[in-house]
Amino acid sequence: MSVRTTIEITGAKQNNLKNTSVEIPRDKMTVITGVSGSGKSSLAFDVIYGEGQRRFLDSISTFAKSRISQLKKAKVDSVRGLSPVIAIEQKKSNNNPRSTVGTVTDINDYLRLLFSTAGIGQCPECGHPLKQMTAARIAEHISSLPKETVVELRAPVYKIYGEDYDFTFHNLREKGYKNLLVDGEPFSLAEKKELDETKSYHIELVIDRFTLKNDSYIQLTKTIEAAMPSLDEDIIIKVEVLSGNAPSGFYEGFGCPRHHFTLCEMQPFHFSFNTPNSACNTCLGAGLSYVVEPRFLVVAPEKSISKGALKNTVYNPSNKDSYRAVQLYSLSKAYNFSLDTPFHKLPNHIIDLLFYGTKGEPVKMLNPPFSTKTNWITGRERPFWGFVHELESWHKNYMRRTTTAEAYEPSFVKDCMIEKICPECNGARLKKQRLQVTVGGLNIDQLCKMQLPELCAFLETLEFEEENRDVVSTIIGEIKTRLRLLIDIGLYYISLSRRSDSISGGEMQRIKMSTQISSELMGMLYVMDEPSIGLHPRDSCRVIDTIKKLRDIGNTVIVVEHDMETIKSADHIIEIGPGPGIHGGNIVACGMAGDIMKEASSPTGRYLSGKAEIPVPKKRRNLGDLFLSIQGARENNLKNIDLDIPLGVFVCVTGVSGSGKSSLINEILYKQLKINMTGARIEAGEHDYLFGATHLNNVINIDQTPIGRNSKSNPATYIGLYDKIRELFAAQPEAVDRGYRALDFSLTHANGTRCEHCTGDGIIVTNLQFMADIETVCPVCKGMRFSGEELEIKYLGKSIADILDMTVEEALVFFKDHRYLHHKLKIMNELGLGYMCLGQSSTTLSGGEAQRVKLAYELAKIKKGAHNLYILDEPTTGLHLSDIQKLLDCLYKLVDIGHSVIVIEHHLDVIKSADYLIDLGPEGGSNGGYIVAEGTPEQVAKVEASHTGRYLRSVL
């Protein structure tokens, strides 16, 4: 029997596929293309990946099945020739703030292993280098001292950032310790003693004290081993010889000769920010923590403090006998300012004093003349901690008091806070002692913040002692292999510490591709979803080369793609169509690029052959007098740039991946405009000033996040069609007679007209052990989602269920006489969404479809006379060239009625259609962040230093 050379699919009926049968060659690179919504993903992911994954899960043990959610069987007659299958999708990874590039690629695991194996510590007092010692070696070295020598083991204690000494001592008591040395003096935790919070102390914890005997070695070893996990910092121990001086040379090669600290043996988990004992105390390893933002404490800067400039929860002027009234009156007398001066006219040093306190300096509390009774703090001398520090302290108390902090924490505290880089670890996520351990002079956070080529070069320079050279060289070899794969695939500009939720879908897909290449598996089937997303034309060849590498080591690669370069590079092309939705689901053409071009009914073939193209606009719009001006932009890799963005035109921001486009537009421009217009509780990226916001009425970011979170959310509800449709049905004579309201026709309203058996879902989900959840059509409503009686109510002969099942195209004809509905449906149809059902669950929409639904919503509600700024980040995701023309027509419409549009894009057909380009670069990462070129596409095309300009020349 010969080995099967193709994957044979027979009778695929998934979603809109029309009983499709096709053969896909094995060990080749096959591209599945077609217009948006034609059925590409249904064939590649639902049928091929779905069946391959389901069959693999069917073959595993019952024990393993019980721990893995099983998959549904695809609607297909047969699929033959499948291999174990891996999907590399462009979905963003989870939003866990602890997830980074390093953790996703497993490189962090190897780095932690490197530091625990070869890391050199530092004495916390003087920085003297310390080598790791096992508990047995420390005990053995101490046991070499003469008998009857008294030895004390200690550990440094640090006050926890933002907390008082009492909280630090409480933690030590809980671990069973009671003896401290404070500035060299004995201090018992069993006694109720307090330390002055305004002073800094040198504190050491006494772990144990020994008088050396013949059998001390075992006891010493056990004490050190027990102390290491129970101490908070747990990697540094101080060995102090109390009776007489230690023999000369005792600390040489063992610890710090001057301060007597020794570094204990380290484990990889000591460098994991997901381990509570290693994570920073303030941010708990997230790198970010909630801090009070002073601007949220001032509600009326034009008023004085005594007239209500501050939030009532910070200071209520009507409560004249409060301790806060005493504090503020006493501060005004001590620092010579008036509580009746408008807040915005107070000097900066006074505002700083109010927010951040007297820095420990005591202030005598005076009784205000306006008070009716004497407050308990009157006459005492007390430092003022400042509104910011007090609120942060309250927040921490609430967080400590309950595990469900959100439920009990007063909203007035959280209302004043935003998430910022952790002030204790400065984003490093680890405790201070972990960051004092270095390899080659740098700590683990410094390595993770390097760009990948820089990190690779640094690892090349490292040299190690002979005793651990073999182990370390193996670890470094593994790290370098993975780094080079990421660099080769075009991700040279990222760092290992970059958060996963800040990475685009395309970048995450390429990270997963590099992981698969490093596994060096063969005989696999890889299914990819638009790997060219987010890539500059200069870098797309790198991804094509990577895909070919996967193919060449003996794998089958199936790519869903619209990019012409990728299509031309394929060994085999399958086009599905010819149209979207109900007009698609058929195989239009198969074969090489030449075969596709010859097929008359192939939309892709027409663009490949040049018979169809997106034309260059005959005339660019002239720039007006209105600009948005950003000064001193320096977020991430931006190099303190100044930029004027023209308003009233179509602006495209371009540049290679990682050049700073999203930092400039999404982090600085959008967030600062949002803050200026709505006072949003967010923090904009680093910059000096933003001018020109007054020219705009609103700023709208049309991104690719889902339009709804549950199965009942759909395009009709998002666009605003469903409200009107419900009103039409509630107005029908029969509905009036039965007393129905518009609300009763909602899928989310209980006891209305929806089917209560399936609660308006139309399906019943049955959970089965060891098998996929089974979805069956609701036996009561037969999938109509409404109860039988209500379906008797008709509008122009159609029930409400019939209307939700209509496509946009069908509804456009049906509601041709209803001006409001026809207007909104027409816009959706013009955007290429004619194939979409009005009641399609929003959870099934792709990112590109969700973005176009949002765009349709904005286009449908625009008013003349308003001037809005619309920001779109890579709107061509998931769009065929024929759909890109429809998108451009809609963007032109926005600009022509007086709005401004800014698009971040790599697609040359969008770039050449813009009125004005801003090209960032010249490279990604640390070599980017500059403005390389500005002007019309023709002007940018002439700039030699611009990579975008070089590729533009070929399409202009």
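Contact is taken here to mean heavy atoms within 4.5 Å. In the predicted model, and leaving aside neighbours within four places in sequence, F650 is in contact with R621 as well as with L888, L891, Y892 and V895. Further contacts of F650 are made with V901, V903, V910, S913, A914, D915 and Y916.

F650 also belongs to the largest nonpolar core, which comprises 150 residues. Together with L114 and F815, F650 touches the most other members of this core. The greatest contribution comes from helix α30, spanning residues 881-896, which supplies 9 residues. Another core, of 34 residues, lies apart from the largest one and includes M133, F169, V182 and L205.

Five domains are listed in the domain assignment of the protein. Between the C-alpha centres of domain 1 and domain 5 the distance is 33 Å.

The structure contains 0 disulfides. For C123, the nearest cysteine sulfur belongs to C126 and is 3.7 Å away; C123 is in no disulfide because a pair of sulfur atoms must lie within 2.5 Å to count as one. C123 is buried, at 2% relative accessible area. C541 is likewise in no disulfide, the nearest cysteine sulfur being that of C456 at 20 Å. With a relative accessibility of 39%, C541 is classed as partly exposed.

Note on methods: Residues are numbered from 1 along each chain as its sequence is written. This is a predicted model: local features need pLDDT of at least 70, side-chain atom pairs count only at pLDDT 80 or more; totals for chains, interfaces and linings use all residues. Side-chain values use heavy atoms; hydrogens and water are left out. A nonpolar core is a set of buried Ala, Val, Leu, Ile, Met, Phe, Trp, Tyr and Cys residues joined through side-chain atoms within 4.5 Å. Buried means under 20% relative accessible area, exposed over 50%, partly exposed in between (1.4 Å probe, protein chains only). Helices (H or I, at least four residues) and strands (E, at least two) are DSSP runs, numbered from the N terminus. Domain bounds come from an automatic or database domain assignment.
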